Amino acid sequence: MLRTFSDLERPVSPFSIGMTGMIEGIPFTIIGTLGMMEQWKKRTWTWVDHQLYSQTHGYAYLTVENGHLSFTRRYRGVTRPGWIGTLLVETSETPPKVEAADGTYTYFETSSSTITFVEGEFNWTPQIGAQVVSVSMLNNAAMLGFQEAATEEEIWRTHYLPAEKVYASFGITDPPKPKGFNVLKPYVAGRHQKFLASAAAIFALIAFVMSFTAVSLSGRGTVEIHKFDLDQLPQEIAFDVSQKDRLARIRLWANVDNSWAFIGVGVTDPDDVPVFESGRTVERYSGRDKDGAWSEGRRTSELRFIPRQTGTYLVEVIVEEAETWQRTGSPLSQVQVVTQEGVTNGRWLQFVGLVFALFGLYHLLRPHLHWKRRMKHGDWSDD
């Protein structure tokens, strides 16, 4: 039996009774309007459910919430388990799941909504102030609602609608713009998403291979190792360069142990013109505390420069400062200097490869990130 209501203040909605339009290729007519409200703690949500009728497909609902549209019909398929009630949710240790024809649904929330407005005709008997408890299960495509009303239990399937297309079909020329995030909106991959993810992965692989190749070929020129006792410093080391405009490296090492040392380095070119004066700190500490053994610091460091001409460079090395930590004795006893030319820096290629890899990973993870964002709006807690 259809029941008719009138003379109530109507909630805001661009749709009105008597409008007709197409939803997913099916002609529907709006025959009724329900104002709905849900309250939890200090928050309030409101939306409008319009009852629809089709001569070929029967009754359904068109929901308007913050400009977003969704479509709901009674679900007549088989679910396993056959019913998800509030008791099952309250006694579950993990979010309940349900199998349906279109996949697995995961528990989203339990809600209690109240009817605040009734207008038009319905194939049931809505009452102002009546409450409906619904256990909602979500997957990427839709939501199943296991509804417990005063006299019956029903399962409803709701899915998101393309608002612009539906508004136009019902002749609404100035529709409200969808606002905020709607948990029903499924993830839709961009037209070029697979291409972007694949291309990023390929470019990342190319960059890493180039970086590995560059590093493996690095320093094929002259490599000289010089080791000095502390009392032999300062020292001048002859550094022969045969490849100009290629990175040269001066690697420093000292046998510091629970101590540190600042090693000064000065370089002059074949014309006895200073190239630079600098230095590096080497340090190494270790010990044991309540968490166990620990260590920090490095006994090595390095400087790099680009020789602008070939010939013999002079590298002056001196320990300028050194101290111990929680021990006595000399901070160090030996210093080692390794000079090397023709060094290739693969760090920029590694950085580029990492950027491409992260870009590709982001596109691969977008469906998962969207799902996580949707589920955050649910009420499941592991506490």
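This is a predicted model: local features need pLDDT of at least 70, side-chain atom pairs count only at pLDDT 80 or more; totals for chains, interfaces and linings use all residues.
Trainee: What percentage of the residues of the chain count as buried?

Mentor: A residue is taken as buried when its relative accessible area is under 20%. Applied to the 383 residues of the chain, that criterion gives a buried share of 38%.

Trainee: Which side chain of opposite charge is nearest to Glu 341?

Mentor: Glu 341 lies in strand β20, which covers residues 334-343, and Glu 341 is buried without a salt bridge. A salt bridge would need a side-chain nitrogen of Lys or Arg within 4 Å of a carboxyl oxygen. The nearest side chain of opposite charge is 8.3 Å away, and it belongs to Arg 246.

Trainee: Which side chain makes a polar contact of 2.8 Å with the side chain of Glu 341?

Mentor: Two polar neighbours of Glu 341 can be named here, and one of them takes part through its backbone: the nitrogen of Gln 243 lies 3.0 Å from a polar atom of the Glu 341 side chain. The contact between side chains, at 2.8 Å, is the one that Glu 341 makes with Ser 242.

Trainee: Which helix gives the most residues to the nonpolar patch on the surface?

Mentor: The patch has about 880 Å² of accessible area together, and its members include Ile 202, Met 210, Trp 348 and Phe 356. Both α3 (193-216) and α4 supply at least two of its residues each. The greatest contribution, 5 residues, comes from α4.

Trainee: What distance separates the C-alpha atoms of Ser 381 and Thr 94?

Mentor: Ser 381 is found in the segment after α4 (347-375), and its relative accessibility of 42% makes it partly exposed. Along the chain, Ser 381 and Thr 94 are 287 residues apart, while their C-alpha atoms are separated by 9.1 Å.

Trainee: Which residue is joined to Pro 234 by a cis peptide bond?

Mentor: Most peptide bonds are trans. A cis bond, with omega of about 0 degrees, joins Arg 80 and Pro 81, where Pro 81 lies in the loop between β6 (68-74) and α1 (86-91). Pro 234 sits in the loop between β12 (223-229) and β13 (235-241), and its cis bond, also with omega of about 0 degrees, is made with Leu 233.

Trainee: What is the phi of Asp 272, and what is that of Gln 326?

Mentor: Most residues other than glycine have a negative phi. Asp 272, in the loop between β15 (259-268) and β16 (274-289), is exposed at 58% relative accessibility, and Gln 326, in the loop between β19 (311-324) and β20, is exposed at 69%. Both have a positive phi, near 65 degrees for Asp 272 and about 60 degrees for Gln 326.

Technical notes. Residues are numbered from 1 along each chain as its sequence is written. Side-chain values use heavy atoms; hydrogens and water are left out. Helices (H or I, at least four residues) and strands (E, at least two) are DSSP runs, numbered from the N terminus. Buried means under 20% relative accessible area, exposed over 50%, partly exposed in between (1.4 Å probe, protein chains only). Lys and Arg count as positive and Asp and Glu as negative; His and the chain ends are not counted. A polar contact is a pair of N or O atoms within 3.5 Å; within protein, one must be able to donate a hydrogen and the other to accept it, and residues adjacent in sequence count only if both atoms are side-chain atoms. Patches are made of residues with over 30% relative accessible area and no salt bridge: like charges are joined within 9 Å, nonpolar side chains (Val, Leu, Ile, Met, Phe, Trp, Tyr) within 5 Å. Accessible areas come from the Shrake-Rupley method with a 1.4 Å probe; for residues, only the protein chains shown count as cover.
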